[in-house]
Amino acid sequence: MDKILILFSTTDGHTVSICNRIGEILSATGSVIISSLEDISQIELENADKVLVGASIRYGKHNKNLFSFSRKYKSILDSKENAFFSVNAVARKPEKNDPGTNPYLIKFLKQSSWQPKKLGVFAGKIDYPKYKFIDKYMIRLIMWITDGPTDIRKSFEFTDWSKVDDFANDIFK
Ligand SMILES: Cc1cc2nc3c(=O)[nH]c(=O)nc-3n(C[C@H](O)[C@H](O)[C@H](O)COP(=O)(O)O)c2cc1C
């Protein structure tokens with residue numbers, strides 16, 4: 001049975017929900033471990049047959065931990081089946097929701113020495129009630145500028161779960 005490692009970089013947990021969904025699907029094909037990429041050891045990485053990394057965007061950037069991880073483990077990642085996906089709010093827009101058109105995925109590929117073999121991009125979630133004051137009003141401003149929802153009493157999930165399922169079924173075929 002293949003050992004499949006699914007690693008996440010998240011701030012508010014939505015990327016973990018996507019990893020869990022992908023993990024459920026991939027568990028039909030191998031043994032799945034889901035972990036924060038900060039907590040993973042070199043040995044665990046070496047022991048895996050397939051590695052998927054998912055990371056979210058905050059204030060225009062993937063977390064620094066994504067880049068330190070991919071720099072440190074590039075050669076191990078390159079030696080395995082591997083894939084990457086990004087989660088962001090911009091991807092709710094049809095013209096920015098695939099790896100070739102999403103600005104954050106394009107930027108990631110320019111910045112990262114690790115070039116994943118398969119790529120995905122998913123629209124995330126805006127959960128206003130959950131955010132602290134500054135984040136709440138900053139993301140509301142970003143939403144207002146980009147014609148998104150601005151009602152801070154509500155939560156908005158933009159993720160297309162059937163697209164997540166298709167990605168899960170395709171990545172390690
Ligand atoms: C304070 C804040 C800033 C954000 N900045 C951006 C951004 O610059 N661009 C974008 O597309 N999405 C942005 N988002 C949306 C997140 O990428 C989205 O909420 C995602 O689902 C977060 O995933 P996570 O819960 O795994 O961290 C932001 C969200 C918050 C709360």
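A89 counts as buried, because 21 C-beta neighbours lie inside 10 Å (buried means 20 or more other C-beta atoms within 10 Å, exposed 12 or fewer, partly exposed in between, with C-beta atoms placed from the backbone). The model is predicted, so local features need pLDDT of at least 70 and side-chain atom pairs count only at pLDDT 80 or more, while totals for chains, interfaces and linings use all residues. Residues are numbered from 1 along each chain as its sequence is written.

A89 sits in the loop between β5 and α5 (helices, H or I of at least four residues, and strands, E of at least two, are DSSP runs numbered from the N terminus). The C-alpha atom of A89 is 7.6 Å from that of I126, although 37 residues separate them along the chain.

Strand β5 itself covers residues 81-88, and seven of its eight residues are buried, so the rest of the structure largely encloses this strand. Which strands pair with β5? One is β3 (residues 50-58), which runs parallel to β5 and is joined to it by seven bridges (strands pair if DSSP finds at least two bridges between them). Another is β6 (residues 118-123), paired with β5 in the parallel sense over six bridges. Between β5 and β6 comes helix α5 (residues 103-111), and the three form a right-handed β-α-β unit (right-handed means that, with the strands pointing away from the viewer, the path from the first strand over the helix to the second runs clockwise).

Strand β1 (residues 2-9) is mostly covered, with six of its eight residues buried. Strand β1 is joined to β2 (residues 30-36) by seven bridges, and the two run parallel. β1 also pairs with β3 in the parallel sense, over six bridges. L7 has a bridge partner on either strand: S35 in β2 and V53 in β3. From β1 the chain crosses through α1 to β2, and this β-α-β crossover is right-handed.

Helix α1 (residues 14-26) also meets helix α7 (residues 161-171): their axes come within 9 Å and cross at roughly 45° (axes are lines fitted to C-alpha atoms, for helices over the stretch in contact, with angles from 0 to 180 degrees between N-to-C directions). α1 is therefore oblique to α7 (under 35 degrees is roughly parallel, over 145 roughly antiparallel, 65 to 115 roughly perpendicular, and the rest oblique).

K74 lies in helix α4 (residues 74-78). K74 is partly exposed, because 14 other C-beta atoms lie within 10 Å. K74 and W114 are 40 residues apart in sequence, yet 5.3 Å apart C-alpha to C-alpha.

Most residues other than glycine have a negative phi. Y59 is found in the loop between β3 and β4 (61-62), and Y59 is exposed because 9 other C-beta atoms lie within 10 Å. D147 likewise is not a glycine and has a positive phi of about 60°. D147 follows α6, in the loop between α6 and β8 (155-157). With 8 C-beta neighbours inside 10 Å, D147 counts as exposed.
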